[in-house]
Amino acid sequence: MTKQVQQLDRVIIRFAGDSGDGMQLTGSRFTSETAAFGNDLSTLPDFPAEIRAPAGTLPGVSAFQLHFADHEITTPGDAPNVLVAMNPAALKANLKDLPPGADIIVNTDEFTKRNLAKVGYESNPLEDGSLDRYQVHALPLTSMTVDALEGLDISKKDAERAKNMFALGLLSWLYSRPTEGTIEFLRRRFAKKPAIMEANIKAFQAGWSFGETTEAFSVQYEVKPAPMPAGTYRNITGNLALAYGLIAASRRSGLPLFLGSYPITPASDILHELSKHKNFGVRTFQAEDEIAGIGAALGAAFGGALAVTTTSGPGVALKTETIGLAVALELPLVICDIQRGGPSTGLPTKTEQADLLQAMFGRNGEAPAPIVAARSPGDCFDAALEACRIALKYRTPVFLLSDGYLANGSEPWRIPDPDALPDLRVEFATEPNGPNGEFWPYLRDPQTLARPWAVPGTPGLEHRIGGLEKADRTGTVSYDPDNHDLMVRTRAAKIEGIARDIPPLEVEDPTGDARVLVLGWGSTYGPIGAACRAVRDAGFTVAQAHLRHLNPFPANTGEVLRRYDKVLIPEMNLGQLALLVRAKYLVDAIGYNRVRGLPFKAVELAEAIQEVIKSV
Amino acid sequence: MSEATPRTYPALALVPKTDATQTAKDFKTDQEVRWCPGCGDYAILAAVQGFLPELGLRRENIVFVSGIGCSSRFPYYMNTYGMHSIHGRAPAIATGLACTRPDLSVWVVTGDGDALSIGGNHLIHALRRNVNLKILLFNNRIYGLTKGQYSPTSEQGKITKSTPFGSLDTPFNPISLALGAEATFVARTIDSDRKHLTEVLRQAAAHQGAALVEIYQNCNIFNDGAFDNLKNPATRDDATIRLEHGQPIRFGKDLDKGVARGAGGSLRIVDVAEVGEDALLVHDAHATDPAQAFALSRLSTPTHTPIGVFRSVTRPTYDALMTEQLERAVAAQGEGDLGELLRGGDTWTIK
């Protein structure tokens, strides 16, 4: 039977099921198919902190949202057009986000009395009319999968487990996705378990064929590829891009990469990824705790390595003392903080950007550290290179801020030419620099104020460094009051001076007459951009600027801010950038603050921007 | 000690050697040494500076890393590379350095507070990993730099500023702790016995892997005389049990006492005349099983203290294993190609 094909410009799908249902895998496979097809896309995995919460319960729901389009998009989308709900809990947890008319594909096999009761449904929503506003496709996905796999030499449980591939096959048909990649993927993944491989491939194909033959779906959709700049692309998550950025920085600096780390959500994947690439000379050290992770990195930095530690906010809290030591030692060190909901253990798997002030001020004494923030998953690559550049050039610890949304979210990434990446080569000190042939470890470069990096093994440059205040130039221990004042000011001036070495803050203001500026940093880039476009589409003017460098700010920041009548700063915190901006530039910035563990919705943000515009 | 002074230092095989003749003076800095007059640290500093020339290493390839406390000022007085870091973290910092720079001889200087209180975690993990570090633990059983609070090695009931009614904690026995942490080299010596101290340092330097050397060190300001029974000529021979590999364990002014097996795997102190020489335990520092070394460590009491090398066994070092993994990866996959890495996975091209 020939089905009608309808063109769409964009689609938002949310796959939701129990933690053990394989929704993250299903979502990421659909993403890969979509990327291969050439759509622009953005993803948002959203899963519980518990590895296996009790089956069928609301806390156990794991979801993966994917937004894909035939044009450039920057967010994973506000409201799904399609919800795949593998059980009643997944339906209940996600229904509130669906606009009327959305498609819901449910697995009716799981809508048993017991499962309904588990999540507090008094009657079956598939039968009581409560879903009348939606297009419900009630399908027995589990039993259809089991039927399709009849005759295979696998257990019933294994057959049932393949239902996510059946669902993926159905959705792949529905949105005309290429299937070769998924089949190839399943071949590789289950290479050692041929029966399971066959079952998964068969389930996937059965789902596709079901779509093609069933009368439950009369329309097949098509979303054309998006026009994107020429180049070779891949889909990439923030943590993968960040790991690649560090390896690239190692190559471009010629320094061996050393990662001292301790597992913590959502940063662990960077440790996992880097530990695979030993043939790049990458040393990964899983330490006994966060403190030892950064301690070992600092020791490696003393020895001349490109030293990195990866963590999240609770880990930064533990590393704080060592970061202070790195400030005193003036050695290069990159601290990657993949932010998550706080305080304390907070929301380990949810996103937030509330560690800015921790990075800025969370140390004893005057201990300034540069801060670089990534704005999108792919941008984590460039941000990592930039953090390494500053650390190496200025001999300082540098914070690289990402967050849970960037870490796990993905987007198409244009693969850069390795030879076109920044040159990060450094020169170690090789000769004495003092007046009488001594070595002065704190004699600074007049331009950068960086001190020489003299690594052990260099004859004639033997010296001692440490956390006690050092005498200017000679680096011996000094308790002299004037020297301390000088050193405090010099360390501050060194970091402030980086402002001369970073690009100015750029403003996007297409009409050039906007009176309101929306200023952001980090992962809110996508939602802010989408919101600004929506506001402009509605006939308003608005300017957008996004900070990569949060310490120091670009040199023109104050001048940019003062050009506008109002400055709105949306943040997934209670106004941390706003606090810094107000303090530094005396600009009466307005905050838009939501701390829900989820990225902003562009629609909400657009409303907030319009309100500010109307108030001018 | 019965074992001949090692002439080769396998642990230092990768560290560049010097042709120049070195003396203790070469290892002194122009910094004024600022420990309290009479502090045991002076003797240890002199012993280390006096012994290092024997190794014949290039000075620039030696690094001293310390934490916080009186002992941790040590690197400032050594004309090598050095880092005076933060409280308890020296083993972690030194681990990162040793893992990335096999051409360095890395020493950690720490105290009982630094290593066993705040840094206890890092110490045990450095030992179990067997990172090629020489850890000198100056044990004076008191907090000196913070002016006299009890430490994790202070005897129970210790009256100090923070424990005016006596401390309640059971102390750590650093040797037992290190053995429990899978340490491959564990020794104890005394600041005032220059000869013994130097010999233990030699053996530690020769050891491939993590070496823990506990050095009893007198704090004459806050805990003076803590080790007097091991130092006073009138008592020391009866109080000190000298461990020598391959030798029956005998001690006392007239070598009239010894160590023999007791009940339940423990050891006991015996009169040699009573049990006979054959009943004495022969010290085996190289035994794979640490049980006997541990039992020896438990003989430390206010009246008797074993000194010497409790354990010295060979196990691959963490840093060497790490380097090997890298070399194996390069051999198997070839040197990493950045362009290839970035282009990995599913890609598509837009023209």
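**The largest nonpolar core in its setting**

Reply: In this predicted model, chain A has a radius of gyration of 27 Å, which agrees with the value near 25 Å that a compact globule of 616 residues would have. The C-alpha trace of chain A spans about 90 × 60 × 45 Å along its principal axes, and the chain contains 20 helices and 23 strands. Of the 616 residues, 63% count as buried. Among contacts in chain A with a separation of 6 or more, 77% join residues 24 or more positions apart.

The largest nonpolar core comprises 160 residues, and A:Leu519, A:Leu577 and A:Val581 touch the most other members. Helix α14 (residues 379-394) of chain A supplies the largest share of this core, with 11 residues. Apart from this core lies another, of 53 residues, including A:Met165, A:Phe190, A:Ala206 and A:Val223. In soluble globular proteins, nonpolar side chains tend to be buried together.

The surroundings of A:Leu577 may be followed residue by residue. Beyond its neighbours within four places in sequence, A:Leu577 is in contact with A:Leu356, A:Leu519, A:Gly520, A:Trp521, A:Leu547, A:Leu550, A:Phe553, A:Ile569 and A:Glu571.

Burial can also be followed in a strand. Strand β16 (residues 410-414) of chain A is largely enclosed by the rest of the structure, because four of its five residues are buried. Strand β9 (residues 231-237) of chain A pairs with β16(A) in the antiparallel sense over five bridges. Within β16(A), A:Pro412 stands opposite A:Asn235.

The accessible surface of chain A comes to about 23100 Å², with 51% belonging to carbon and sulfur atoms.

Definitions and conventions:
Residues numbered from 1 in each chain as written. Chains lettered and ligands numbered in written order. Predicted model: local features only at pLDDT ≥ 70, side-chain atom pairs only at ≥ 80, totals over all residues. Heavy atoms only, no water. Buried < 20%, exposed > 50% of the residue type's maximum accessible area, 1.4 Å probe, protein only. Helix = DSSP H or I, 4+ residues; strand = E, 2+ residues; numbered from the N terminus. Pairing = 2+ DSSP bridges. Core = buried A, V, L, I, M, F, W, Y, C linked by side-chain atoms within 4.5 Å. Contact = heavy atoms within 4.5 Å. Rg over C-alpha atoms; globule rule 2.2 N^0.38 Å. Areas by Shrake-Rupley, 256 points an atom, 1.4 Å probe, with all protein chains shown as cover.
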